[in-house]
Amino acid sequence: MSISALLDQRLTIQRQQLTADASGGSVRTFATILSSVPCAVSPAKSAVVAEYGRRDILVDHHIFTTIDLESALAGGIRLGDRLTDGVVYYLVKGVLKSSNLQVSNEMLYQVDCERRL
């Protein structure tokens, strides 16, 4: 069984953009940069939460995908990007790329996120 078969959700990756409003102020909007990304979402372990917490960063979920985020997105996925299903938003705080040929020949990306409603 491949890792891709375990990815049970589809999320959209969005990147924030600053645009000027009518009075010249800044407005933050999010534009979709990649849709229907197969993912698996899981709560972060307490050790991971604590490690990020030492640096005053809130991480409470991991999102896993086998999509090559470096080539699928210009410049790869970045801090400040978000993944969403339309209701729940996951703010990107860190990305880990790994592989283990004993398990699978697929590359696995772990995106560490803060979950927001």
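Visitor: In which strand does Arg15 lie?
Guide: This is a predicted model, in which local features need pLDDT of at least 70 and side-chain atom pairs count only at pLDDT 80 or more, while totals for chains, interfaces and linings use all residues. Residues are numbered from 1 along each chain as its sequence is written, and side-chain values use heavy atoms, with hydrogens and water left out. Strands are DSSP runs of E with at least two residues, numbered from the N terminus, and the run of residues 9-20 that holds Arg15 is strand 1.

Visitor: Is Arg15 buried or exposed?
Guide: Buried means under 20% relative accessible area, exposed over 50%, and partly exposed in between, with a 1.4 Å probe and protein chains only. Because the relative accessibility of Arg15 is 13%, this residue counts as buried.

Visitor: Which residue's side chain does the side chain of Arg15 join in a polar contact of 2.8 Å?
Guide: A polar contact is a pair of N or O atoms within 3.5 Å; within protein, one must be able to donate a hydrogen and the other to accept it, and residues adjacent in sequence count only if both atoms are side-chain atoms. Contact in the wider sense means heavy atoms within 4.5 Å, and the residues that Arg15 touches, not counting those up to four places away in sequence, include Phe30, Ile33 and Arg78. The polar contact of 2.8 Å links the side chain of Arg15 to that of Asp81.

Visitor: What distance separates the C-alpha atoms of Gly25 and Asp81?
Guide: Gly25 has its place in the loop between strand 1 and strand 2, and with a relative accessible area of 26% it is partly exposed. Gly25 and Asp81 are 56 residues apart along the chain, and their C-alpha atoms are separated by 22 Å.

Visitor: In what order do the 6 strands close into a barrel?
Guide: Two strands pair if DSSP finds at least two bridges between them, and strand 4 (residues 82-84) pairs with strand 5 (residues 89-98) over 3 bridges in the antiparallel sense. The barrel's pairing is antiparallel, and its 6 strands close in the order 1-2-3-6-5-4.

Conventions: Helix = DSSP H or I, 4+ residues; strand = E, 2+ residues; numbered from the N terminus.
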